[in-house]
Amino acid sequence: MPINQYGDSYRERNKMKAIVPAILLSLSASQMAFAADSDLTKLIEAAKKEGQVYSVGMPDTWANWKGTWQDLSAQYGLKHQDTDMSSAQEIAKFAAEKNNATADIGDVGASFGPVAVQKGVTQPYKPTTWSQVPDWAKDKDGHWALAYTGTIAFMINKDLVKDTPKSWDDLLKGKYKVTVGDVGIAAQANNAVLAAAFARGGDENNLKPAIEFFGELAKQKRLSVNDPTVANIEKGEVEVGILWDFNALNYRDQINRDRFIVVIPSDGSVISGYTTIINKFAKNPNAAKLAREFIFSDKGQINLAEGYARPIRAQHLTLPAEIQAKLLPEEQYKNVHPIKDAEGWEKSSRNLPKMWQQQVLIHQQ
């Protein structure tokens, strides 16, 4: 049965028709704008009247947001403009501008969704496909929900590595260098450590197995902390890189699809992602909510997949063959772990730079 964001079924909404007009008479203009959420048709009408949506951290080149903005313009006449910035900057902007908001919606890393809610800068909206979003990937009240995921993967240069590693255990036995990036600063590198922890018996609160793993690579002089950027990879400076799958797949196709192999480590990895946050103070709240609605629709999810991001509703979609070919097979994701203890991971992340310096990098010297 279709459920709207307030939890009432269509049948229950029909019972309400008689009393809704009286309720609306008592609402202010702003309240009436938000009342439109209960009916998708009214939401679309309200969004069209606003006629525009301003985003932050959702540039054309990231996860094929370009396709989504083009579709929202073509279908609903919404004009769009984006200012690219980091997750922390987006939240700070919402908080600083308040009622003088210049942004309606943003896209932040998974760990920043709860932070935005805690700072009181978001408003909820549950798209009609809400039930198909896993519980671990959404806020129960609808303030945030991951639209697409990233899973830590290995990107292997076949010209430089002959024995393709399929697991973290394989990495430890290899002869090649492993590039992890700037642990303690870069989210991708931090999640690489967490992925190794999951694979070797640790968790969000226990990174020791991963620290020991990377410490052993450092002792073998096989650990590189250079950034696994597309430029460094293209130059042949990365033999095996540890990256988000969507970055690795994108870089592979940018450089030479036949030169690289991308695999999810079979003994475990971490799956995380990115969530839209709708500004509590948005000047175009209905357009922002319609944007989220579209992002979670089949077409919106396919747009993300076209940009190498794995849609959160992947199991409920039939992707076009040419887009499916860009992604890894579903079976590679059998042993991936979501972050279940966000507070534990936040605490571990704060301690990670010191642990990395004292127990890993010391062996680089």
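Student: Which side chain makes a polar contact with the side chain of H143, and at what distance?
Tutor: In this predicted model, H143 touches V117, T122, Q123, P124, T276, I277 and R292, leaving aside residues up to four places away in sequence. One of these, T122, has its side chain joined to that of H143 by a polar contact of 2.8 Å.

Student: Is H143 buried or exposed?
Tutor: H143 sits in the loop between α7 (112–118) and β4 (146–157). Buried means under 20% relative accessible area. The relative accessible area of H143 is 16%, so H143 is buried.

Student: How far apart in space are H143 and Q123?
Tutor: Q123 is among the residues that H143 touches. The two are 20 residues apart in sequence, and their C-alpha to C-alpha distance is 5.7 Å.

Student: Where does the largest nonpolar core lie, relative to domain 1 and domain 2?
Tutor: This core has 93 residues, and W168, L171, F214, I242 and W356 have the most contacts inside it. Helix α9 (residues 187–199) gives the most to it, with nine residues. Domain 1 (44–149 + 272–326) and domain 2 (150–270 + 330–363) both contribute residues, so the core lies between them.

Student: Over which residues does pLDDT stay under 50?
Tutor: The protein chain has a mean pLDDT of 89, and 90% of its residues reach 70 or more. Where pLDDT is low, the predicted coordinates should not be read in detail. The stretch with pLDDT under 50, for which the model has 36 contacts beyond four places in sequence, is residues 1–37.

Methods
Residues numbered from 1 in each chain as written. Predicted model: local features only at pLDDT ≥ 70, side-chain atom pairs only at ≥ 80, totals over all residues. Heavy atoms only, no water. pLDDT = per-residue confidence, 0-100. Contact = heavy atoms within 4.5 Å. Helix = DSSP H or I, 4+ residues; strand = E, 2+ residues; numbered from the N terminus. Buried < 20%, exposed > 50% of the residue type's maximum accessible area, 1.4 Å probe, protein only. Polar contact = N/O pair within 3.5 Å; in protein donor to acceptor, adjacent residues only side chain to side chain. Core = buried A, V, L, I, M, F, W, Y, C linked by side-chain atoms within 4.5 Å. Domains from an automatic or database assignment.
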